[in-house]
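Hi everyone, thanks for making the time this morning. I'd like to walk you through one structure, starting with a ligand site and then moving on to an interface. Here it is on the screen.

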Amino acid sequence: MLNIENLKVTIGDSEILRGLSLSVKAGEVHAIMGPNGSGKSTLASVIAGHEDYVVTDGTVRFKGADLLELEPEERAREGIFLGFQYPVEIPGVNNAYLLKAALNAKREHHGLEEIDAFEFLKLAREKMAVLGMDPKFLNRGVNEGFSGGEKKRNEILQMAMLEPDLAILDETDSGLDIDALKAVAEGVNALRAPDRAIILVTHYQRLLDYIEPDYVHVLSEGRIARSGDKTLALELEEKGYEWVREAANA
Amino acid sequence: MSGAVSKIELAASFPTLRDEDWKYTDLSRPIAIAQQWLDSGSNEQPPDADLIDSIKAAADAAWIVIANGELLEASSTGLQEAGIEVSLLSSDEPAIDVPLANLNTQFRTGGIRIRVIEDRLDQRPIGLLVIDSAAGAPVMSQARVDIELDERAAARFIEYHVSSGDDEHYSNSLIRLNLAADASVEYLRFQDRALHHSQTARLNVRLERGSRLTHGGIDLGGRLSRNDLKIDIAGPDAVATFNGLYVAGTGQHIDNHTRVDHRVGPAVSDQEYRGILSGRSRAVWNGKAIVHRGADGTDAQQANHNLLLSERSEIDAKPELEIYADEVKCAHGTTVGQLDERALFYLRCRGLDESRAKRVLTRAFAATIVERAPIAELHELIGERVEQRLRELGDAS
Ligand SMILES: Nc1ncnc2c1ncn2[C@@H]1O[C@H](COP(=O)(O)OP(=O)(O)O)[C@@H](O)[C@H]1O
Ligand SMILES: [Mg+2]
């Protein structure tokens, strides 16, 4: 589904990703771990299409096509979803409006009719119930005045509504209490399917207690320094990131 | 009346760019209109009945229609409203000694007085429909209203400005609003004039002890538009909240001057104005708050935010605070900028294309003020007019 080869990315004068390769197949859940500043959000932003990040080398292919050619909105409609590490507050834009606009943009792209208002509400309420979100959140400004946990749940709500082929969740677990973490995990697990892939970006092992990944990768100095199964996350927890860096440089 | 006034004398009663309060707003066009109007001296223009009807249909209010400065009784539905008394304002009222208010006093031919006796907040608003027209010759008009609220009386008001006609028009309105102790007013001013017409408008408010004003001012129309909102806080525990929105396109100049005099404390004034400027347009915001000696415990907040959609648009924003009292809480902030890049990326990541995302954010910027404005039953209409205007201006291009 997603194929990244030798990706090099700079922002301003600094090279953040230095030849990163990663392959994600349909049905898989990958966890990308790594210390703060190792480039995890950079990778997520490049996949989503952020223009500030300049790709200087390498390729990114999504469902066989060159992803880097597409605008962010085209990537979204093609089935990529980025759950933001820092969801943006947008006062004056209604949460329900955004959900519906996002859903319809995707539907239109795939030649489907706009979702009927009644059906939309029903679907949104259903998904919110799973996430333990009050339906009142539909009528608030996007993330406006939401707590950290509410913002993250709202990202998962959007994901649940949009049913992406590839979801990248950037530190969706950070700042969550245990209930919120479980709710978010439930939302993600509900999305797991043979035709979908999920990339969890995190720097704690905690989330992986609730969402079991097929692969764990450690990002260090702009590359995947180590890959393994879920036991790698436990090992990391025990030995710390220094261990990976030393092992990679050895 | 106008009889003996020469064109030169008339011009001299306008402020000039040399006046500190007027340095960004050039009145030479209104002066020219006023001088041409002197030749005919007539405001006898047929009122635009369709326009009146469409506004009356859009909002259920006790309408008082003021056409080219004079009460249009036949179209007014609010003259016999419960809880208020409407009468003609006598011609020998004391002058308000500021430029343009003087002009109004000198040239007005009509004038209305409204007294609110009861708390009628839960009833339909009182609508002042200030409608002007100019066909055949340039016209100057002077709408004039005095509003008094008795103690504990309360009411909602709409001041709705529209105009029509191919000729040039200049409206110079003067409204006074006095709130006795514990009175309360929700006031929405909506200026939607023809784009080739000009207006200056003054609202002078006096707030006695425990009284409360919530004001929303929205300016979409007019070639030149200048609003002076002056609030005198004359009693403790008064609260004045006022927010404004202006949307300007090429050829438009919109100037909002607010002035709050905190004469006693504790009391609150809180204002936020927002502007969207596109094409070759210009806006001015000047918010002055004076906390007089002894007005301890004053809380005065000012904010002005501007969205510049074009490099050729221009804003002059200036907050002014003068504090002569103790224990005051005052803050001001102004911003001038483009759309939030982070929000733009966020929306695009949800599948909205760039132009749509920009439109959504521009509307959101305006919607915040519309939603906060009083008279909720007009929000939809105003929202639609803002939308229409933004579309005419080519959106967030
Ligand atoms: N907009 C930016 N401008 C300059 N440097 C940036 C920007 N965004 C990220 N960086 C830098 O890139 C590096 C990687 O950041 P990031 O991808 O956010 O790491 P992570 O998500 O792993 O914590 C950091 O050193 C950070 O300071
Ligand atoms: Mg990060």
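By class, the shell around ligand 1 has four nonpolar residues, six polar ones and one charged one. Please keep in mind that this is a predicted model. The residues surrounding ligand 1 include I11(A), I16(A) and Y53(A), along with the run P35(A), N36(A), G37(A), S38(A), G39(A), K40(A), S41(A) and T42(A). Helix α1 of chain A, residues 40-48, is the biggest contributor to that shell, giving three residues.

Now for the backbone. A backbone N or O atom of G37(A) sits 2.7 Å from an oxygen atom of ligand 1. For S38(A), a backbone N or O atom is 3.2 Å from a ligand 1 oxygen, and for G39(A), a polar backbone atom is 3.0 Å from an oxygen atom of ligand 1. And how much of ligand 1 does the protein cover? Of the 560 Å² of accessible area that ligand 1 has on its own, 59%.

On to the two chains. Chain A brings 31 residues to the contact and chain B brings 19. About 2000 Å² is buried between them, with carbon and sulfur atoms giving 63% of that. On the chain B side, F345(B), Y346(B) and R350(B) supply 39% of the area that chain B buries against chain A, more than any other three residues.

Charge shows up here too: five salt bridges are found across the interface of chain B and chain A. One of them joins the side chains of D353(B) and R77(A), at 3.9 Å, N to O. The chain B side that touches chain A has 10 nonpolar, two polar and seven charged residues.

Thanks, happy to chat!

Definitions and conventions: Residues are numbered from 1 along each chain as its sequence is written. Chains are lettered from A and ligands numbered from 1 in the order in which they are written. This is a predicted model: local features need pLDDT of at least 70, side-chain atom pairs count only at pLDDT 80 or more; totals for chains, interfaces and linings use all residues. Side-chain values use heavy atoms; hydrogens and water are left out. A residue is near a molecule or strand if one of its heavy atoms lies within 4 Å of it. A polar contact is a pair of N or O atoms within 3.5 Å; within protein, one must be able to donate a hydrogen and the other to accept it, and residues adjacent in sequence count only if both atoms are side-chain atoms. Accessible areas come from the Shrake-Rupley method with a 1.4 Å probe; for residues, only the protein chains shown count as cover. Helices (H or I, at least four residues) and strands (E, at least two) are DSSP runs, numbered from the N terminus. Ala, Val, Leu, Ile, Met, Phe, Trp, Tyr, Cys and Pro count as nonpolar, Asp, Glu, Lys and Arg as charged, and the others, Gly among them, as polar. Contact means heavy atoms within 4.5 Å. Buried area is the accessible area (1.4 Å probe) that two parts lose on being put together, summed over both. A salt bridge is a side-chain nitrogen of Lys or Arg within 4 Å of a carboxyl oxygen of Asp or Glu.
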